[in-house]
Amino acid sequence: MSCLLLKHHLIDFIEHKLPQEKQLKLQDHLANCRSCQELCHRFSGVYNSLDEYPLPEPSAYFYSKIVTKLEDQSANEYVLPVKFLRLLKPVAAGLFLVTGITVSLLFREVVNSGSLVASPNTTIDASAWANEFYLDNNEETMVDLLLNNEN
Amino acid sequence: MTDSELIIALVNRNENAFKYLVEKYQGMVYNACFHQLRNMEDAEDIAQEVFVEAYLSISGFRGESKISTWLYRVAINKSKNLVRKNKWQMLVQRLEKFMPGDKQVKIDLEDPSAQDHMEGMEKTEDQKILWNAINSLPENQRIAFTLNKYEELAYQEIAEIMQTSLSAVESLIHRAKLNLQKKLVSHFN
């Protein structure tokens with residue numbers, strides 16, 4: 001039971017963060033349990049291993065590199081319009097596409113509404129054509145027959 | 001120089017104040033980045049970006065927290081973004097391996113699981129085991145745990161850095177420790 005308890009509280013036990021009673025109980029257990037001693041020793045070795053090495057330090061040119069980055073950043077601000085234009089390209093392409101689709105849909109609607117094509121029931125006035133195009137009587141009759149589908 | 005004096009000087013674009021800020025906090029920011037990224041070059045690059053952002057956005061700093069807390073927050077967020085970006089790139093590269101028909105342009109990639117997370121440092125087997133175990137923790141647990149163990153920050157400050165509640169931090173660190181325990185104990189068995 002105590003072996004299991006130790007396994008569940010290993011980190012807190014190593015860091016001495018357990019309530020005193022529990023800490024003492026596990027210490028007593030550890031004194032008598034060889035496998036738990038080994039586990040605790042191995043575990044604390046790994047768990048504390050990172051505390052042992054010296055932390056790396058930033059390079060000597062740390063500050064000057066920051067200044068360079070800041071200068072690059074401010075230089076890039078002038079390039080912003082180009083970047084902005086680049087960003088606008090897909091937007092412009094999208095707008096062009098939408099406009100094309102809208103125009104074609106409108107055109108289709110206009111065509112379907114019949115304002116561009118004479119409906120089958122429309123009767124064309126041949127005499128108006130005759131006046132407009134200076135047709136003689138025979139030509140007028142021909143136009144009348146042809147356009148109004150009369151036999 | 002107090003924090004508020006430093007902020008006023010930075011807002012006025014005082015170069016000496018910025019140099020002072022960098023000198024005072026570079027070690028702290030660099031270590032925080034290093035503990036998240038485990039790569040010296042990336043840590044230095046991100047730490048520099050933290051100061052660049054600090055310089056550019058100091059006017060937006062409302063002074064509700066300490067400068068150090070604010071810098072930690074920026075450092076953690078930038079590191080988190082890089083970790084995510086690297087993971088995404090690894091995923092894409094892995095997928096590219098399986099793409100048919102482009103064997104000639106295929107790059108010989110490292111296995112991400114075999115990646116050296118402590119590049120540029122000498123390390124023992126124990127340290128590698130611990131790094132891998134910490135690295136496998138969920139993101140927020142990893143951040144809270146490393147800030148507590150390696151930066152030795154109080155739970156309240158971690159809560160401010162992670163912009164969460166104190167109880168959430170307690171829970172994150174508790175779960176991180178349980179997960180680490182489980183991973184390390186199973187490694188020894």
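In which helix of chain B is Lys177(B) found? Lys177(B) lies in helix H8 (residues 166–188) of chain B, where helices (H or I, at least four residues) and strands (E, at least two) are DSSP runs numbered from the N terminus. Lys177(B) is buried, with a relative accessible area of 8%; buried stands for under 20% relative accessible area, exposed for over 50%, and partly exposed for what is in between (1.4 Å probe, protein chains only). Leaving aside residues up to four places away in sequence, Lys177(B) touches Ile11(A), Asp12(A), Glu15(A), Lys17(A), Tyr47(A) and Phe145(B), contact being defined as heavy atoms within 4.5 Å.

This is a predicted model, in which local features need pLDDT of at least 70 and side-chain atom pairs count only at pLDDT 80 or more, while totals for chains, interfaces and linings use all residues. Residues are numbered from 1 along each chain as its sequence is written, chains are lettered from A and ligands numbered from 1 in the order in which they are written, and side-chain values use heavy atoms, with hydrogens and water left out.

The two chains can be set side by side.

Between the chains, 38 residues of chain B are in contact with 32 residues of chain A. The buried area, that is, the accessible area (1.4 Å probe) that two parts lose on being put together, summed over both, is about 3300 Å² for chain B and chain A, with 68% of it on carbon and sulfur atoms. On the chain B side, Gln48(B), Gln181(B) and Phe188(B) lose the most area to chain A, and together they account for 18% of what that side buries.

Within chain B, helix H2 (residues 15–37) and helix H4 (residues 67–97) pack at an angle of about 35 degrees, with their axes 9 Å apart; axes are lines fitted to C-alpha atoms, for helices over the stretch in contact, and angles run from 0 to 180 degrees between N-to-C directions. The contact is made by residues including Leu21(B), Tyr25(B), Met28(B) and Val29(B) of H2(B) and, among others, Leu71(B), Tyr72(B) and Ala75(B) of H4(B). The residues of this contact divide into 14 nonpolar, three polar and no charged, where Ala, Val, Leu, Ile, Met, Phe, Trp, Tyr, Cys and Pro count as nonpolar, Asp, Glu, Lys and Arg as charged, and the others, Gly among them, as polar.

Leu71(B) also belongs to the largest nonpolar core, which has 79 residues, and is one of the members that touch the most others, together with Phe18(B), Leu21(B), Val29(B) and Phe51(B). Such a core is a set of buried Ala, Val, Leu, Ile, Met, Phe, Trp, Tyr and Cys residues joined through side-chain atoms within 4.5 Å. The largest share of this core, twelve residues, comes from H2(B).

His16(A), in the loop between helix H2 (10–14) and helix H3 (20–32) of chain A, has a positive phi of about 55 degrees although it is not a glycine, and is exposed at a relative accessible area of 57%. Gln163(B), in the loop between helix H7 (155–162) and H8 of chain B, has a positive phi of about 50 degrees, again without being a glycine, and counts as exposed at 60% relative accessibility.
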